[in-house]
Amino acid sequence: MMESNAVPALRVRGLTRRFGGALALDGLEFSVAAGQVVGLLGRNGAGKSTLLRIVSGQLRPTAGEVEVLGAPVGMETLGRLCLIGDTPDFGGLKNAREFLNVCAGLFPAWQREQADRLMTLFGLPLKKPLKGYSRGMQTALLLCAGLASGAELTVFDEPSLGLDAVMRERFYDAVVEARRREPQRTFLISTHLIDEVARTLDYAVMIDGGRLLAQGTPEVLTAGYLCVSGAADEVYAVTADAAVLRDEEVGGSLVRYVRLNAPEDAGRIRACGRVQTAPVSLQRLFVLLTGEKEAKRDAV
């Protein structure tokens, strides 16, 4: 929970962006406290990359405003922000050594020793021509730069593209370690792979269709939901007072996802002993909320 007098790492107010007749962001509003690992979660096309381009000053909004570390997007925020995009582009640089030297000149708080350690962790050669790097190696090099930038707000857009499972885990482990070592920094990870990133997050912002779907800590976001399974008549009975979001039939049993009316309802359902219960994951919650949103829209 952000203290009222604390400067947020990122504040978005009434943000709208149109591309011709297409509405990419539609009055988006949220804020996140500094010193957290934050997930910007949404489907492809939800508006995540458009938002990040505005945050980094590459794109101007149609309406609304963005503040980075308490200041409007501009020259003052450039050295305090590092955005690692999802498409590697090294220009005419020959190798990783040249790239890291450029990064050292861009970021006032550049961490050279950390960069060297990360290069070793990801198995990246300094002198090998960048044109000989695989896509996964190029992505890993960008991630090394972001982690070593020392930037107060460090943003990764779809960071796992091109990485194998081992390298993905190493990246998320490195984010957790950086969060522990540098508690003043904020890391914003934009992705549609919610299950993959969930373990690293202190806070999540879910968007869909350019609008805010939900925001909060993963624990708070999922606390009001429950998965209940068993014989259909028993599931119907114990969930009669809950809001039903989705029913599935699995192996002859009914699996029902519900929104609870009160926190104590979860204990009551578990105590009945005739059904099985399970928490709802962050990714499943996102799927349920987007499905509920579409159902409401179709009903209009």
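In this predicted model, strand β1 (residues 10-19) and strand β2 (residues 22-32) run antiparallel to one another and pair over 7 bridges. Within this pairing, Arg 18 stands opposite Leu 23 of β2. The hairpin formed by β1 and β2 leaves 2 residues between the strands, and Gly 20 in this hairpin adopts a positive phi near 65°.

Because its relative accessibility is 13%, which falls under the 20% limit, Leu 69 counts as buried. Glu 158 likewise has a positive phi, of about 45°, without being a glycine, and it is found in the loop between β7 and α6. The relative accessible area of Glu 158 is 7%, and this residue is therefore classed as buried.

The loop between β7 (153-157) and α6 (165-181) also holds Asp 164, which at 46% relative accessibility is partly exposed. The side chain of Asp 164 reaches the backbone nitrogen of Val 166 at a distance of 3.2 Å.

Salt bridges number 20 in the model. One of them joins the side chains of Arg 180 and Glu 177, with an N to O distance of 2.5 Å; both residues belong to helix α6, where they are 3 residues apart, or about one turn of the helix. The two partners fall into separate accessibility classes, since Arg 180, with a relative accessible area of 57%, is exposed, whereas Glu 177, with 29%, is partly exposed.

A further salt bridge links the side chains of Asp 202 and Arg 179, at 2.9 Å from N to O. Asp 202 lies in the loop between α7 (194-197) and β9 (203-208), while Arg 179 lies in helix α6, so this pair ties together parts of the chain that are 23 residues apart in sequence. Asp 202 has a relative accessible area of 25% and is partly exposed, and Arg 179, also with 25%, is partly exposed as well.

In another salt bridge, between Arg 284 and Glu 248, the closest N and O atoms are 3.5 Å apart. Since Arg 284 is part of helix α11 (residues 282-299) and Glu 248 is part of strand β12 (residues 243-250), the contact ties together parts that are 36 residues apart in sequence. Arg 284 counts as partly exposed, at 25% relative accessibility. Elsewhere, salt bridges with shared partners join Glu 177, Arg 180, Arg 181, Glu 182 and Arg 185 into one network.

The structure contains 1 cavity of 30 Å³ or more, and the space in the largest cavity amounts to about 50 Å³. Among the residues that line this cavity are Asp 157, Glu 158 and Pro 159, together with Ile 84, Gly 85 and Asp 86. Sorted by class, the lining of the largest cavity has 5 nonpolar, 3 polar and 4 charged residues.

The largest pocket has a volume of about 450 Å³. Its lining comprises 19 residues, of which Cys 82, Leu 83, Ile 84, Leu 106 and Phe 107 lie nearest the centre of the pocket. At least two lining residues come from each of β6 (81-84), α3 (96-106) and α5. By class, the lining of the largest pocket divides into 14 nonpolar, 4 polar and 1 charged residues.

The second largest pocket holds about 250 Å³ of space. Its lining includes Gly 64, Glu 65, Val 66 and Glu 67, along with residues such as Ile 54 and Pro 72. Strand β4 provides the largest share of this lining, with 4 residues. The lining of the second largest pocket is made up of 6 nonpolar, 2 polar and 3 charged residues.

Definitions and conventions
Residues are numbered from 1 along each chain as its sequence is written. This is a predicted model: local features need pLDDT of at least 70, side-chain atom pairs count only at pLDDT 80 or more; totals for chains, interfaces and linings use all residues. Side-chain values use heavy atoms; hydrogens and water are left out. Buried means under 20% relative accessible area, exposed over 50%, partly exposed in between (1.4 Å probe, protein chains only). A polar contact is a pair of N or O atoms within 3.5 Å; within protein, one must be able to donate a hydrogen and the other to accept it, and residues adjacent in sequence count only if both atoms are side-chain atoms. A salt bridge is a side-chain nitrogen of Lys or Arg within 4 Å of a carboxyl oxygen of Asp or Glu. On a 1 Å grid over the protein atoms alone, a cavity is a set of points where a 1.4 Å probe fits but cannot get out, and a pocket is an open set with protein on both sides within 12 Å along at least five of seven lines; lining residues have an atom within 4 Å of a point. Grid points are joined across faces, edges and corners, and a volume is the space filled by probe spheres set on the points. Ala, Val, Leu, Ile, Met, Phe, Trp, Tyr, Cys and Pro count as nonpolar, Asp, Glu, Lys and Arg as charged, and the others, Gly among them, as polar. Two strands pair if DSSP finds at least two bridges between them.
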